[in-house]
Number of protein chains: 2
Amino acid sequence: MSPPRAVVVVTGSELVRGDRRDLNGPFLARELVSSGVSPARIIVVGDSQDELEGALREGLDGELCVVSGGLGPTHDDRTVETLARVLGRDLVVDHELEREIEGVSRGISERLRRPYAEFAPGVRKQASLPEGARSLGLAGTAPGFVLEAGDSVVVVLPGPPPELQRLWRDALDSGPVRRLLDQGQPPQRRTLRFYGVSESAVARALEAAGGGGDGVEATVCARDFEIHVDLVVGKGAELRVEALSEALRERMGDFLYSDDERPVAELVLGLCRARGLTLATAESCTGGLVAARLTAIPGSSDVFRGAVVAYADDVKAQELEVPAAVLAVHGAVSAETAEAMAAGVRERLGAGIGVSVTGVAGPGGGTPEKPVGLVYMHALGPGGGLAASFSIPADRETVRARATVAALHLVRRLLTQNRDSST
Amino acid sequence: MSPPRAVVVVTGSELVRGDRRDLNGPFLARELVSSGVSPARIIVVGDSQDELEGALREGLDGELCVVSGGLGPTHDDRTVETLARVLGRDLVVDHELEREIEGVSRGISERLRRPYAEFAPGVRKQASLPEGARSLGLAGTAPGFVLEAGDSVVVVLPGPPPELQRLWRDALDSGPVRRLLDQGQPPQRRTLRFYGVSESAVARALEAAGGGGDGVEATVCARDFEIHVDLVVGKGAELRVEALSEALRERMGDFLYSDDERPVAELVLGLCRARGLTLATAESCTGGLVAARLTAIPGSSDVFRGAVVAYADDVKAQELEVPAAVLAVHGAVSAETAEAMAAGVRERLGAGIGVSVTGVAGPGGGTPEKPVGLVYMHALGPGGGLAASFSIPADRETVRARATVAALHLVRRLLTQNRDSST
């Protein structure tokens, strides 16, 4: 039996104009694939009445239609009324829901010290759902909901990605979606992640190992130096994917760092935890991004002690005890400064491991000797240190993102090297 | 006259499955907007025959249809043949194009040391275009092309973003696209940004001021406490948008912080620079995100000195000199600790302004007294300080993002308040 067909409709004028990148379509698509539903199409549409109506009509062609956005209190949040019109259903005020939204809105009105009367019309609007819809709960004042319409199940979720992701969990638990998913069969997925090797080398190894096809769909993609290989396994291809993964491990094992979807920050925290080590970062060009990546992981506080972002050189000297001579002779962007920063933060914050990053993020500040995109890193633990650097010209955002990922992998390598040499 | 309507069709199995993020849709949408064309819809679709055919049919509803991807030499690159079928046209080998592609392919065959015969069928396939198409030139071995079909202009471009972006320039210069663009008129845009007020209040003020329509497209959207109003101004609506902006300023002026698209981090850096003040952050729950946001702005180094991310409480005490008594009596998440952190980082990093954030990001660590989503902030400058807090239950990512934005606005308010009181 072929998997149920799904259409994702993402609404937002800023998205269809390209002013903001859509995160919801890809998130929902991945979720659908892993639930055994086939995402046939992602439609991004603005809030113009006609365009939205057209997109929702197409969405209803799918056995599952997931809609994101347009649930706010204002007049250009048109998803609910447009959906009701497309379905030929009335909008009905859900009184229990209205009380819930009122509660949240009264809290907001108090915090903002604005009269509740300003909020009341929006509350009534947001509590009005197409007949037959069931609320999935609130994101702020916006309710997600699910409804059945003929052969289709429609899930409507709020636009802000974290809230959409939270309510999507509830949608998966709802009766109509559960019944639909029971028809599909979640494919197995296998993820292999590599670091320190090129995308084409991994792609060639994959080809040499037999490549995709025959029930295995293989995707290779590069993200800030990491090469992710995703293998989606159709029914009956279990042995084939096993052989393929084995062959990749054999050829590329030195670069393989993960066979699940945990981000490197989580792996690093886990490695530190297992060895009873705490961690601190000393950052210049990444400006706190390494710390932010680590603290994005829930429960990081038992390992992560903190960071010193030393943007100004005298902060590097005073707070990280980088010797003035090192700064004067080698400069702030140098292997020597990186090493001193790692040692300094380890000492100052009393951490088991210190990791540092210093580089030229650009667009200004580059010189022929130290061009934009040159970055030095150092990781230092109780058993010694590891240094790394790269120099790849790119825009500021890319340089910072790559440096962040590279610094995390440096800590990972430091910890796994030590482990290897001690066994 | 309303601007020409465009549909963007993006093909790629890895895109519709969410394995990779689509960069072409947003790029093309921005390009279309700035050329005076209205992007009505971005459709992301895989390489299944039926889905692709459906998407292309819809694309042809637009006066301009831009298609990306599916131009490669292999059998699952189906864009050209499917487009020909949808248009009811034959595929015709373009012999000049064939010679061009053959030249590139012979080079590749030599580099890879594979016989050219392996490439010949792909060359023939890639040189076959729907009748009436004109090549825009090659990206690798894939030709971009443009054709006219009834009232529509169709532009077909290769999937890799850098090559798509290069050939898009050529498409803009082609006769059919130029003629279409001459009908449109690049719109003016106006952006107003508010903080400290609800989305619904801004929407109501916009309504009261006359709202969108009559040549003005108005979008209100909330991003982590900020309310952005985007006004896209059609031909002849210049006076109307002027009046609308004026009315919004009058009603909501207290909350208006920007009338351009610069992010708050950039405004804060500009305010500091204008007053000759440097800036440092002391962060707990945001884990470096405030510093990362500031250092994302090129040229931030003349204002931003650095940050202390004090995740562990003893780091707060030692590095930020938060008195042990304050931590013991009020706790790490308190207005008192926030104030001490701001003072501490200002002192330690020798900055003109110190701003701090401490809160419960969750999902763990909440208590009835200090629930997940409770965040305290403090900004301290030479003329005094400002405190703020919020308590809104949400997921970890949202709490951290909101706290980051709120901390930046706190600095902005500190600096603009001082300016107001000194004038």
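1. B:Arg305 is buried, its relative accessible area being 13% (buried is under 20% relative accessible area, exposed is over 50% and partly exposed lies in between, with a 1.4 Å probe and protein chains only). The residue belongs to strand S14 (residues 304-310) of chain B; helices (H or I, at least four residues) and strands (E, at least two) are DSSP runs numbered from the N terminus. Leaving aside neighbours within four places in sequence, B:Arg305 is in contact with residues of chain A, including A:Val309, A:Tyr311 and A:Asp314, and with residues of chain B, including B:Thr278 and B:Gly350; contact means heavy atoms within 4.5 Å. B:Thr278 is 27 residues from B:Arg305 in sequence, with 6.6 Å between their C-alpha atoms. A polar atom of the B:Arg305 side chain lies 3.5 Å from the backbone oxygen of B:Gly350.

2. On the basis of these values: the model is predicted, local features need pLDDT of at least 70, side-chain atom pairs count only at pLDDT 80 or more, and totals for chains, interfaces and linings use all residues. Residues are numbered from 1 along each chain as its sequence is written, chains are lettered from A and ligands numbered from 1 in the order in which they are written, and side-chain values use heavy atoms, with hydrogens and water left out.

3. How many residues of chain A are in contact with chain B? The contact involves 80 residues of chain A and 80 residues of chain B. About 6400 Å² is buried between the two chains, with carbon and sulfur atoms giving 48% of it; buried area is the accessible area (1.4 Å probe) that two parts lose on being put together, summed over both. Between chain A and chain B there are 14 salt bridges, a salt bridge being a side-chain nitrogen of Lys or Arg within 4 Å of a carboxyl oxygen of Asp or Glu. One of the pairs between the chains joins B:Arg189 to A:Asp19 at 2.8 Å, N to O.

4. Strand S2 (residues 38-45) of chain A and strand S2 (residues 38-45) of chain B run antiparallel and are joined by five bridges; strands pair if DSSP finds at least two bridges between them. Within this pairing, A:Arg41 has B:Val45 as its bridge partner.

5. A:Thr295 is found in helix H12 (residues 289-295) of chain A and counts as buried, at 0% relative accessibility. Its side chain makes a polar contact of 2.7 Å with the side chain of B:Arg400. Here a polar contact is a pair of N or O atoms within 3.5 Å; within protein, one must be able to donate a hydrogen and the other to accept it, and residues adjacent in sequence count only if both atoms are side-chain atoms. Leaving aside neighbours within four places in sequence, the contacts of A:Thr295 include A:Phe304, B:Tyr311 and B:Arg396.

6. Chain A has 16 helices and 17 strands, and 57% of its 423 residues are buried. In strand S13 (residues 279-283) of chain A, five of the five residues are buried. A:Leu279, A:Thr281 and A:Glu283 point one way from this strand, and A:Ala280 and A:Ala282 the other way. In a regular strand the side chains alternate between the two faces of the sheet. S13(A) pairs in the parallel sense with strand S14 (residues 304-310) of chain A over five bridges, and A:Glu283 has A:Val309 as its bridge partner there.

7. The structure holds 47 salt bridges over all chains. One of them joins the side chains of A:Arg169 and A:Glu31 at 3.0 Å, N to O. A:Arg169 lies in helix H7 (residues 161-173) of chain A and A:Glu31 in helix H2 (residues 24-34) of chain A, so the pair ties together parts 138 residues apart in sequence. A:Arg169 is partly exposed, with a relative accessible area of 41%, whereas A:Glu31 is buried at 15%.

8. A:Glu51 forms a salt bridge with B:Arg5, with 2.5 Å between the closest N and O atoms. This pair crosses between chains, from helix H3 (residues 49-59) of chain A to strand S1 (residues 5-11) of chain B. A:Glu51 counts as buried at 13% relative accessibility, and B:Arg5 is partly exposed at 24%.
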